Amino acid sequence: MTVAEFLLVALFVGLSAYALLGGADFGAGFWDLLAGDAVAGRAQRDAIEHSIGPVWEANHVWLIFALVVLWTGFPRAYAPIMSTLYVPLTLAAVGIILRGAAFAFRKAVTTLTLQRAFGATFALSSVLTPFFLGAAVGGIATGRVPPGEQSGDVITSWVNPTSILGGTLAVVTCAFLAATYLAADARRAGVVELSEAFRSRALVAGGAAGAVAVGGIFVLHADAPTLFHGLTHRGLPLVVMSAASGVAALALLWTRRNAAARVAAALAVVAVLWGWAVAQYPFLLEDRLRINAAAGSHATLVAMSVCIAVGAVLLVPSLLALFVFAQRGELPGE
Amino acid sequence: MSMLLVASQPDLFYARQQMALSLGFHIVLACIGMAFPALVLLAEWRGQRTGDPVYAQLARRWARALAVLFAVGAVSGTILSFEFGILWPRWMGRWGDVMGLPFAIEGFAFFAEAIFIGIYLYGWERLSPRRHLLVGIPIVIAGVASAFFVVAANGWMNTPTGFTLGADGRPRHIDPWAALFNTSLWPEATHMILAAAIVTGFLVAMVYVPALRSGRATRYHRVGFLLGFTVAAVAVPLQLVVGDWAARHVATHQPVKLAAMEGVTHTESGVALHLGGFFVDGHVVGGLPIPDGLSFLAFHDPSAKVTGLDSVPARDRPPVNVVRTAFQLMVGIGTVMLGLAVWFAIAWRRRRDLPSSRWFLRAALLAGPAAVLALEAGWVTTEVGRQPWIVYRIMRVRDAVTDAAGIRYGYFGLLVVYAALTVATVLVLRRLAGRPLAAADDEGPS
């Protein structure tokens, strides 16, 4: 493995963490949106707030990590991605601003009118942000982002069948992950009614995600021949693994094994992400730009790898402590 | 088609405005996000040491405001990592691997900050007091580290190093560590960190001025004011020394920026310093001249030679009045703040009390917004002073801008978003501050 490939693996580890953790936070916003009026939805909204409150800021940093690795390690991919896909990415960035700010604001105010306004902003932007991020991925994966200093088509690069598929898949996947996690959280907290509500939502969202994925096969066949070939050849094991994990997650939810369902759901999502990476290999911008051509100077790649190794040693234990704290309400060893 | 794809002058204008808006907004939140945790921790520590409930009360209160401000700072910082590429893809595409390393390390520092702030804010009831205090320490360290590394990237734009320039204008022999430790880093980062302490201290103190002025102030208001004001008042004189260091660094390494800051047209020895006034037709009009003042301040030698704007062609000069006015504003506000800090120190030494004059509290009320204004003015000085370069003397801003069409609509949209965000933040903070004290004590942020 070259240093560039190592760094790309680190980037995809970051993206996977963002999809599993940040994605679930977005999905929580999706369910917040559908929780019903202020009285009926109170219990669900409280559970959502309790679940993502301490962790959302840390979960959100995975995206920053991925962006920083991309521009430092692969500046010749970062630049065209950002300039060609600036419309969906600006919209996603605005969504990120509104989501985070509104979530913090909602917690800080006490009047119902303000809580509603901030809550609606939080929930709506939680749905739009993953859609635009997924649409941007669709543009990259179909070779619609040209390398070099001339940007590609700023509209068709993300308004195309694969991007619509990517955006929709991102939204339903986030909803599926969130409902699965929340069902397990509520179960552990001993709130059966809430756990059942999230469980049935997880089943619906999981079914929807499966349907979108199956429909996606036809979309990719027509719109993204190179990616389709990659997914059905080198990436096939991961695609199969994703499908199997997804089915397993639904079966586990059906039989109320919520904790195990959470693992299977996560596996299904991560496998899709890595399937995309493997299918595109050795291209960073599908059909257009190879990993090595996109990579920055060797010295920088080495320096970045060292920083990531040191950062992992320092941060992974802290991150685990945060999750233990968020789940149990105490720090490990207390 | 190719005509449409070439960025027109107006799009460069809007890209610049968007960057200025995003950075100008974020810089205030970033400063608060760096210095405020230290202040909250200071209050919590004093509370635990003295057993005085007022400190604990303040720490709790401030933590709630911190939760809001940190969230807004986190998201307003994230958009920057999009905008670098969206607005300036040629800059990032060409220089990303030279100057990206400090951003990566900053990313890790921010990660640590976000992790520990999650535990800290939700840990009041769940952790022992000692543990809770310990959890706060990494937030402060990571906050200062974040500032240090972000400023390292900005410092590199001012004094680019860590590469050799190829004939095609692209970097060769890249050394990312040398780029990180560029010479602007130390004065700029120190200046920034002190600015954060001043802005945060004065803003916090400002909150308690209305109560102190109305005479209904309790010990809670007094201590809240004193903690914030003291931190700022200690930082202000230090900032004077560091500011001098930063300006002398600019004089040596970015002489044209200094020439714009001071309105110096011709390279001369024994150059006068002008206080106030405007730069018209190559001269400062209406300012108060101090003979040899600039030579002395910039090089600590009254007869030193100061490089003028005419050392470079007109197209390589920044807009003088913008840079000069911003610089004068920053220095002017800093000087008044120094007076305020000295006034406070004298009164405190004599009587262990605030100055009794009504004017002191009026000035203290203004010090908060004035500190923010000085911060923005300082930022304008260094950023506009670097123009027309995005990478000093190597890459022009106009050569870095995106060729994508329609950038202006993104800018218009963001204007609305930032306006709404500012209004909502102020509204929420006012609500938090206005909440009765008793209500705030018994509820943690969870």
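Which element gives the largest share of the lining of the largest cavity? In this predicted model, that share comes from α2(B), with 3 residues.

**View 1. The largest cavity and the residues of chain B that line it.** The structure holds 1 cavity of 30 Å³ or more, and the volume of the largest cavity is about 30 Å³. Its lining is made up of B:P37, B:V40, B:L41, B:L66, B:Y120, B:G136 and B:I139. Two or more of the lining residues are given by each of α2 (9–50) and α5 (129–158) of chain B.

**View 2. The crossing of helices α8 and α9 of chain A.** The axis of helix α8 (residues 192–223) of chain A and that of helix α9 (residues 225–232) of chain A come within 6 Å, crossing at roughly 125°. The two helices, α8(A) and α9(A), are therefore oblique to each other, and the crossing in which α8(A) passes α9(A) is left-handed.

**View 3. The residues through which α8(A) and α9(A) meet.** On the side of α8(A), the contact involves A:I217, A:L220, A:H221, A:A222 and A:D223, which meet A:P225, A:L227, A:F228 and A:L231 in α9(A). By class, the residues of this contact of α8(A) with α9(A) divide into 7 nonpolar, 1 polar and 1 charged.

Note on methods: Residues numbered from 1 in each chain as written. Chains lettered and ligands numbered in written order. Predicted model: local features only at pLDDT ≥ 70, side-chain atom pairs only at ≥ 80, totals over all residues. Heavy atoms only, no water. Axes fitted to C-alpha atoms, helices over the stretch in contact; angles between N-to-C directions. Helix = DSSP H or I, 4+ residues; strand = E, 2+ residues; numbered from the N terminus. Parallel < 35°, antiparallel > 145°, perpendicular 65-115°, else oblique. Left-handed = near helix turned anticlockwise from the far one by under 90°. Contact = heavy atoms within 4.5 Å. Nonpolar A, V, L, I, M, F, W, Y, C, P; charged D, E, K, R; others polar. 1 Å grid on protein atoms, 1.4 Å probe; cavity = no way out; pocket = protein on both sides within 12 Å on 5 of 7 lines; lining within 4 Å. Points joined across faces, edges and corners; volume = space filled by probe spheres on them.
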